[in-house]
Amino acid sequence: MEVLHSKAAWENQHEGNQSTTEGFILLGVSDQPQLELLLFVLILICYIVTLLGNFTIIVVSRLDPRLHTPMYFFLSNLSFLDICYTSSLGPQMLVNFRSTSKAISWGRCVAQLYISLSLGCTECFLLAVMAYDRYAAVFQPLRYAAIMSRRLCLFMAAASWLSGLVVSLVHTLPTLQVPRCGQNHIDHIFCEVPALLKLACVDTSINEAALLSISVFVLVVPVSLILVSYGYIGAAVMRIHSAEGRRKAFNTCTSHLAVVSLFYGPGIYMYLQPPSKGQGKIVSLFYTMVTPMLNPLIYTLRNKEVHGALRRLLRRKPAT
């Protein structure tokens with residue numbers, strides 16, 4: 001009761017100073033200053049590690065000719081995507097956690113909503129594409145290079161990015177058109193569709209049904225395809241006679257499955273339930289900040305190809 005009273009008092013203190021036309025107030029965890037400080041430190045660490053780790057993967061994949069393969073092409077796309085994803089949210093979160101006003105302009109909120117949602121949807125599609133790449137590598141090793149041609153890789157990557165932009169637009173426009181009757185206190189740490197729908201002063205059942213339908217298409221369908229493909233891959237890996245071949249295929253596949261679990265799990269929890277049920281503030285941090293930080297670590301910790309590429313780059317003598 002004390003927490004609820006504190007939050008209500010905080011909202012009333014800012015009521016009248018901010019209007020819907022001026023922007024929004026991101027309440028976040030403003031009623032828990034200690035948690036706010038802890039989250040500031042954790043998000044700052046996640047953001048720095050995300051930038052360093054993913055930038056390293058991009059550079060190594062670009063400079064080492066041995067990594068010029070479809071797998072590392074898609075991994076570089078994922079790394080660039082994660083840098084953009086965290087950058088669309090992280091800096092604003094850090095500012096809000098150390099600010100007393102918690103204000104965000106309407107334009108920034110819209111930009112944050114559209115960009116972060118489009119990048120999140122793109123990652124859903126890209127992870128499914130990466131699963132197909134591994135499926136082709138295991139089941140068609142002799143024809144793999146012909147199947148995963150450069151043209152097909154470019155098409156699949158572009159389709160993932162374009163699909164994310166379109167799906168985000170379909171989500172964002174109806175959400176912004178919902179009447180809020182002057183309510184501008186978002187009980188979340190960033191501008192996200194479920195949190196904005198909770199501000200509505202009208203029935204949002206149609207919006208929630210549309211959100212659920214699109215979320216099934218973006219989240220459930222890709223993760224189902226990924227799990228089915230990896231079921232086949234797992235069975236095929238067990239039939240590999242070479243112990244080294246089994247180990248290499250197993251390490252690659254388990255790394256991808258770890259990323260899939262960390263990303264899709266919290267996303268499904270957040271988007272496949274009505275916005276009125278729960279806030280998911282901490283849960284949303286997993287797919288926006290934690291997973292992008294862990295991706296480069298998961299993909300490289302047990303990857304001898306990346307380790308070898310890093311050693312070769314570090315030993316390379318500068319041109320004179």
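This is a predicted model: local features need pLDDT of at least 70, side-chain atom pairs count only at pLDDT 80 or more; totals for chains, interfaces and linings use all residues.
Visitor: How do you know how H3 is oriented relative to H6?

Guide: Helix H3 (residues 70–98) packs against helix H6 (residues 150–177) at an angle of about 20 degrees, and the two axes are 11 Å apart. Because the limit for roughly parallel is an angle under 35 degrees, H3 is roughly parallel to H6. The crossing of H3 and H6 is right-handed.

Visitor: Which elements make up the protein chain as a whole?

Guide: The protein chain has 11 helices and three strands. Starting from the N terminus, their order is α-β-α-α-β-α-α-α-β-α-α-α-α-α. Of the 320 residues, 47% are buried.

Visitor: What makes the contact between Glu-36 and Lys-102 a salt bridge?

Guide: The side chains of Glu-36 and Lys-102 meet at 2.5 Å, N to O. A salt bridge requires these atoms within 4 Å, so the pair qualifies. Glu-36 belongs to helix H2 (residues 33–63) and Lys-102 to the loop between H3 and strand E2 (103–104), so the contact ties together parts that lie 66 residues apart in sequence.

Visitor: Why are Glu-36 and Lys-102 called buried?

Guide: Glu-36 has a relative accessible area of 10%, and Lys-102 has one of 4%. Buried means under 20%, so the word holds for both residues.

Visitor: How do you know whether Cys-181 is buried or exposed?

Guide: Cys-181 has a relative accessible area of 62%. The term exposed is used for values over 50%, so Cys-181 is exposed. Cys-181 lies in the loop between H6 and strand E3 (185–186).

Visitor: How many salt bridges does the structure hold?

Guide: The structure holds four. One of them joins the side chains of Asp-64 and Arg-312, at 2.9 Å from N to O. This pair links distant parts of the chain, with Asp-64 in the loop between H2 and H3 and Arg-312 in helix H11 (residues 304–315), 248 residues apart. Another salt bridge is formed by Asp-133 and Arg-134, whose closest N and O atoms are 2.9 Å apart. Asp-133 and Arg-134 are both buried.

Visitor: Why is Asp-64 called buried and Arg-312 partly exposed?

Guide: Asp-64 has a relative accessibility of 3%, and counts as buried. Arg-312 has a relative accessibility of 26%.

Visitor: What is the spacing of Thr-69 and Ser-149 in sequence and in space?

Guide: Thr-69 and Ser-149 are 80 residues apart in sequence, and their C-alpha atoms are 9.6 Å apart in space. Thr-69 is found in the loop between H2 and H3. At 29% relative accessibility, Thr-69 counts as partly exposed.

Visitor: Why does Val-129 count as buried?

Guide: Val-129 has 11% relative accessibility, and this value is under the 20% limit, so the residue counts as buried. Val-129 lies in helix H4. Val-129 and Ala-159 are 30 residues apart in sequence and 9.9 Å apart in space, C-alpha to C-alpha.

Visitor: Which residues form a nonpolar patch on the surface?

Guide: The patch consists of Leu-212, Val-216, Phe-217, Val-221 and Leu-225, and together these residues have about 430 Å² of accessible area. Val-221 is found in helix H8 (residues 205–238).

Visitor: How do you know that Val-221 is partly exposed?

Guide: The relative accessible area of Val-221 is 38%. Because this value lies between 20% and 50%, Val-221 is partly exposed.

Terms used:
Residues are numbered from 1 along each chain as its sequence is written. Side-chain values use heavy atoms; hydrogens and water are left out. Patches are made of residues with over 30% relative accessible area and no salt bridge: like charges are joined within 9 Å, nonpolar side chains (Val, Leu, Ile, Met, Phe, Trp, Tyr) within 5 Å. Accessible areas come from the Shrake-Rupley method with a 1.4 Å probe; for residues, only the protein chains shown count as cover. Helices (H or I, at least four residues) and strands (E, at least two) are DSSP runs, numbered from the N terminus. Buried means under 20% relative accessible area, exposed over 50%, partly exposed in between (1.4 Å probe, protein chains only). Axes are lines fitted to C-alpha atoms, for helices over the stretch in contact, and angles run from 0 to 180 degrees between N-to-C directions. Angles under 35 degrees count as roughly parallel, over 145 as roughly antiparallel, 65 to 115 as roughly perpendicular and the rest as oblique. A crossing is left-handed if the near helix is turned anticlockwise from the far one by less than a right angle, and right-handed if clockwise.
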